[in-house]
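Reader: I am new to this. Please take me through the chain and tell me what each term rests on.

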Amino acid sequence: MVSLEDGSRVWLNDHSSLTVKKTLKNQKLELGTGLGQIPGWANPILSFSNAPFDKVVKDLEAFFGVSIALVGEKDWAKCPFTSGSMATTKFEDVLIVLRLTYEMEVEKKGEKEYRFLKIRCK
């Protein structure tokens with residue numbers, strides 16, 4: 001837990017989701033689980049410049065509040081990704097870009113759970 005100057009408290013759990021609690025006139029306000037909704041997050045515009053694919057996946061998980069399993073062992077540093085801002089893009093559209101870029105398969109396991117399969121690094 002981290003306390004912010006304005007009295008807010010931030011919790012980050014082991015599933016990369018974030019909860020911010022704020023007290024306003026004795027009422028608690030909880031803001032969503034996607035980090036993209038939190039001002040000051042490390043990659044607020046969700047853009048990448050030769051980022052290793054595993055870093056891209058971690059940022060996508062945090063930004064969209066989803067869980068993504070990478071299937072297969074790879075040196076992800078040899079699998080870079082570059083894009084402009086995707087912050088206003090729907091997650092499903094980001095998946096299309098990744099499918100085309102890496103000729104990969106995406107398996108949806110649950111409402112917010114995905115597996116990335118057969119990833120071809122170029």
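Author: Start with contact: it means heavy atoms within 4.5 Å. Among the contacts in the chain with a separation of 6 or more, 42% link residues 24 or more positions apart. A caution on the source: this is a predicted model, where local features need pLDDT of at least 70, side-chain atom pairs count only at pLDDT 80 or more, and totals for chains, interfaces and linings use all residues. Residues are numbered from 1 along each chain as its sequence is written, and side-chain values use heavy atoms, with hydrogens and water left out.

Reader: What makes a stretch a helix or a strand, and how many of each has the chain?

Author: Both are DSSP runs, numbered from the N terminus: helices are H or I with at least four residues, strands are E with at least two. The chain has 2 helices and 9 strands. From the N terminus on, their order is β-β-β-β-β-α-β-β-α-β-β.

Reader: Why is Lys109 called exposed?

Author: Exposed means over 50% relative accessible area, buried under 20%, and partly exposed in between, with a 1.4 Å probe and protein chains only. Lys109 has 51% relative accessibility, so Lys109 counts as exposed. Lys109 is found in strand 8. Leaving aside neighbours within four places in sequence, Lys109 is in contact with Tyr114 and Arg115. Buried residues make up 34% of the 122 residues in the chain.

Reader: What makes a set of residues a nonpolar core?

Author: The members are buried Ala, Val, Leu, Ile, Met, Phe, Trp, Tyr and Cys residues, joined through side-chain atoms within 4.5 Å. The largest such core here has 25 residues. Phe53, Leu60, Leu98 and Phe116 have the most contacts inside it. Strand 5 (48–52), helix 1 (53–64), helix 2 (91–102) and strand 9 (113–117) each supply at least two residues of this core. Helix 1 gives the largest share, 6 residues.

Reader: Which residues does Leu60 contact, leaving aside its neighbours within four places in sequence?

Author: Leu60 is in contact with Leu46, Gly65, Val66, Ile68, Phe91, Val94 and Leu98.

Reader: Why are the buried residues of helix 2 said to line one face?

Author: Phe91, Val94, Leu95, Leu98 and Tyr102 are buried in helix 2. Seen down the axis, they fall within an arc of 105°, so they line one face of the helix. The arc is that of the directions from the helix axis to the C-beta atoms. An α-helix has 3.6 residues a turn, so residues three or four places apart point the same way. The cover over the buried residues of helix 2 includes helix 1, strand 6 (67–70), strand 7 (80–83), strand 8 and strand 9.

Reader: What makes strand 8 and strand 9 a pair?

Author: Two strands pair if DSSP finds at least two bridges between them. Strand 8 (residues 105–110) and strand 9 have 5 bridges, in the antiparallel sense, so they meet that definition. Val106 stands opposite Phe116 in strand 9. A hairpin joins the two strands through 2 residues.

Reader: How many bridges join strand 5 to strand 7?

Author: There are 3 bridges, and these strands run antiparallel. Ala51 stands opposite Phe81 in strand 7. Phe81 and Ser83 form the covered face of strand 7, while Pro80 and Thr82 form the uncovered one.
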